[in-house]
2 protein chains.
Amino acid sequence: MNFTIKNVLIPTHDDYATVDVQVVDGKIGAISPDLNVIGTAVDGNNQLLLPGFVNAHTHSSEMWQRGIMSMLPLELWLGELYDFAPLDLEQVYLSALGTAVETLFSGGTSVVDHLVLIPGQELATIATAVRAYQEVGIRAFIAPLIQDEPLTAGIPAGNSLQNHEPYLRSTAATLEIIETAVQQFHRPEEGVSILVAPTGIQLCSDALFKGCIELSDRYNLCRHSHLLETKAQEKLAQEKYGCTAVEHLYRIGYLGDRTSLAHCVWLTDHDIKILAQTQSTIVHNPLSNLRLGSGIAPILKYIQAGVNVTFGCDGASSNDSQDLLEAIKIGSILHNITDSEYQNWITPRKSLEMASLGGATGLNIADQIGSLSVGKQADLVMYDLTNLSLLPRTDPIGLLVLGRPTNVVNNAWVNGKSIISNSQINTINLDKLKQELFNRSQWESKRQSPTVAQIETHYRQIMDI
Amino acid sequence: MNFTIKNVLIPTHDDYATVDVQVVDGKIGAISPDLNVIGTAVDGNNQLLLPGFVNAHTHSSEMWQRGIMSMLPLELWLGELYDFAPLDLEQVYLSALGTAVETLFSGGTSVVDHLVLIPGQELATIATAVRAYQEVGIRAFIAPLIQDEPLTAGIPAGNSLQNHEPYLRSTAATLEIIETAVQQFHRPEEGVSILVAPTGIQLCSDALFKGCIELSDRYNLCRHSHLLETKAQEKLAQEKYGCTAVEHLYRIGYLGDRTSLAHCVWLTDHDIKILAQTQSTIVHNPLSNLRLGSGIAPILKYIQAGVNVTFGCDGASSNDSQDLLEAIKIGSILHNITDSEYQNWITPRKSLEMASLGGATGLNIADQIGSLSVGKQADLVMYDLTNLSLLPRTDPIGLLVLGRPTNVVNNAWVNGKSIISNSQINTINLDKLKQELFNRSQWESKRQSPTVAQIETHYRQIMDI
């Protein structure tokens, strides 16, 4: 598994250098010009080598509904999503493969899958995702999505009296599933980690959060949740706690340097201070925040406050892709319209750092991955700079981040293992995957969601639409 | 050149149908199931057929600086752009080829090139772009970018006394060049049209606008300009005219159903009424509006007011790509954050109509292209629905517009002529183009713009930064 990349372009502090890179036993052994070839020689000529990015928030099984979901805000969109959610382990398997492949071909070598669990088959769902990610070879962070309140509880009640059906599973039973999953599947050294992942304040009791904190502390697990994605959730937090969601999560001890929080669109200045102080990570999902009309997360403010920020694609039903380079581009340039002081705008080099080291930091492994550093794991991606979408030659990182790169990943390694070479994935059969995805689906243009019909009037009233 | 596409999926009013499509003498002859094969048979199985889109605003030679431009607002960015603009006809040729190819591979069959002219070689620049577009075979609308005031005049003066160098060419000389270009190159029936294209109120005198109106009327030419791209231009219009830019352009008679206006970020409600009443077209360039921090054009308001809206990539230095599907996606979902009434959000089918028929309308040829209609020119694109990025199968148009389609165009025809088949461009040598773009450029990471150094202090003062 040892190899040496010859004559590859890498970024230096504010320029580029052509170097050789030795990878030994899965780690970066040396970076320097004119190194001896250890193991296989890989030609890096006219290629750019970067650390792999982290797709820091997604829901893999949403791939089954991409392209078909109605144009709706989150709370109604979720109703439609769950009305048609796949309930089949084979589908879970295939969409995890698809998510991994699209992530890899857009520069990602790690994925955080906030995995929707099939009721009654929770452990089997997790096992299936683990199997898929191990087959592909991507570094997987599986965050089984849990809640202990029903979907309708996620919409503010306002002055109305809302009766919610009890959730299908008790808090204790849910925590038990997670603990079992940790015991069975949490193997960070083998590239699979389990996270505690209560979906968010909108659908979780304090008991569930506290149970997750306890598991996280006991097993040294990262924590992952949605946070203040929509204005409705901001309202709901006030209804539920009489304070902001961040203030509440802080009080119960959920925040910290192992906690990553997806979206964070509706935070107060005080909330931002809390996230900075607790060293929590914000996962920016620009595409879904636009698609669902959630808003623009104030990312420039977060960066200025010293909060660690990284990028996620979010599930493919609200994006509707898993192209990490797209999320990085839009998640960077989107904020230029929020601040006339252009010196605050995110530069392409900063975007890359957020996507790689920022992602690693959010998973508490910045000492292991996230940069081209001797001693770190070889999670590497090599981009073909002779591709039309990266021509003419200018600033390679500028082209990669601000352009629309297509077919540019020609090599990817995770832990030193080759996953993509010659622009082909070599761990799974991609044609077979496409055939399976094709066979198990059909073109359609119209669906009616019973849940949306049921909750829409209340939602419109509460949100004053 | 006659052909018949067999068993291809096309959109119907609100569903899909599998049909055959006959193309005879460059036009759509029949659309119906079970047609006889006229000419060559083309297999449309598992393919989606759509009318070609219009890349309704770009500047082809900006391709030479994509990826390298600093993160700056338009007025400063323009300074940097022109400091390093290519002044070589061969570069003009190659970037026009590249722009055409990227447009075609993202669904576009027409391009509006607001073409930057090399001083002293104006007609040669236009001739070169004409040659490139004819070689590729894309339908070309060449809008030679003209002005008669120097770059510094585009920034509001405020209370300062600004002395501007005179512009390098007189108004009369400029108009003469355009008239010669029209006589030499305006051949709509051969797929090349010349537009009158004063860059915008920020750099053009009334004499130039009026000269363009006169030419447009005399030769039946479309009109194309930038309009209110930035807040600075809004200020400048008040300084220059004591009214809004739209009001001024209306008074001098520039607006009308042959006029398309790029950007339109800073319009008043009254301005919107004027554009609706005059049947002017707005070209939405969402990527560059974000990249340059210009703002979000209020597209939902425009649509509600009945203004025709279509999409452009804008030049590749402010985008930094020419992927029309990306512009369509971002230009559609971006507006969901501007209106909580989600019933106003742009649906994927509406996006497609804007990109095809909307583009044709802005060029005053909606009777000739822009929809799958018998009798129209066969400007057609066929998408491979078995591509991973369009799987699993759901709503094909939703997948195409909201996803991140990659390598999905496998056939494109302009005027019934095959430009792309088997996912390969067959009118030019793509490898040779890539080699030329590679050879004539170099990787670089740092540049210093003398113009930015010169104007930045004044710009910051005026814009209160």
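Biologist: Why is Asn415(B) called partly exposed?

Modeller: Asn415(B) has a relative accessible area of 27%. Buried means under 20% relative accessible area, exposed means over 50%, and partly exposed lies in between, with a 1.4 Å probe and protein chains only. The value of 27% therefore makes Asn415(B) partly exposed. This is a predicted model, in which local features need pLDDT of at least 70, side-chain atom pairs count only at pLDDT 80 or more, and totals for chains, interfaces and linings use all residues. Residues are numbered from 1 along each chain as its sequence is written, chains are lettered from A in the order in which they are written, and side-chain values use heavy atoms, with hydrogens and water left out.

Biologist: What makes the phi of Asn415(B) worth noting, and where does the residue lie?

Modeller: Phi of Asn415(B) is near 55°, a positive value in a residue other than glycine. Most residues other than glycine have a negative phi. Asn415(B) is found in the loop between strand 15 (409-414) and strand 16 (417-421) of chain B. Helices (H or I, at least four residues) and strands (E, at least two) are DSSP runs, numbered from the N terminus.

Biologist: Why is Asn220(A) called exposed?

Modeller: The relative accessible area of Asn220(A) is 53%, and exposed means over 50%, so the residue is exposed. Its phi is also positive, near 55°. Asn220(A) belongs to the loop between helix 5 (206-219) and strand 10 (223-227) of chain A.

Biologist: Why is Val452(A) called buried?

Modeller: Val452(A) has a relative accessible area of 9%, and buried means under 20%, so Val452(A) is buried. The residue sits in helix 15 (residues 450-462) of chain A. Not counting residues up to four places away in sequence, Val452(A) touches Leu72(A), Leu76(A), Gly79(A), Glu80(A) and Asp83(A). Contact means heavy atoms within 4.5 Å.

Biologist: Why does Lys231(B) count as partly exposed?

Modeller: The relative accessibility of Lys231(B) is 41%, which falls between 20% and 50%, so the residue is partly exposed. Lys231(B) is placed in helix 6 (residues 231-241) of chain B. Leaving aside neighbours within four places in sequence, Lys231(B) is in contact with Trp266(B) and Met463(B). The C-alpha atoms of Lys231(B) and Ser32(B), 199 residues apart in sequence, are 50 Å apart in space.

Biologist: How do you know that chain A is as compact as a globular protein of that length?

Modeller: Chain A has 15 helices and 17 strands. Its radius of gyration is 22 Å, close to the 23 Å that the globule rule gives for 465 residues, so chain A is as compact as a globular protein of that length. The radius is taken over C-alpha atoms, and the globule rule is 2.2 Å times the number of residues to the power 0.38. Along the principal axes, the C-alpha atoms of chain A fill a box of roughly 70 × 50 × 45 Å. Buried residues make up 65% of the 465 residues in chain A. Of the contacts in chain A with a separation of 6 or more, 75% are between residues 24 or more positions apart.

Biologist: How do you know that the two copies are related as by a two-fold rotation axis?

Modeller: A rotation of 180° with 0.0 Å of shift along its axis superposes chain B on chain A, with an RMSD of 0.0 Å. The two copies are therefore related as by a two-fold rotation axis. In chain B, the C-alpha nearest the axis is that of Thr406(B), 3.3 Å from it. The same surface serves both copies, as 100% of the contact residues of chain B recur in chain A. Copies are superposed by least squares on the C-alpha atoms of residues with pLDDT of at least 70 in both.

Biologist: Which residues does a cis peptide bond with omega of about 0° join?

Modeller: That cis peptide bond joins Asn319(A) and Asp320(A). Asp320(A) is found in the loop between strand 13 (308-311) and helix 11 (324-333) of chain A.
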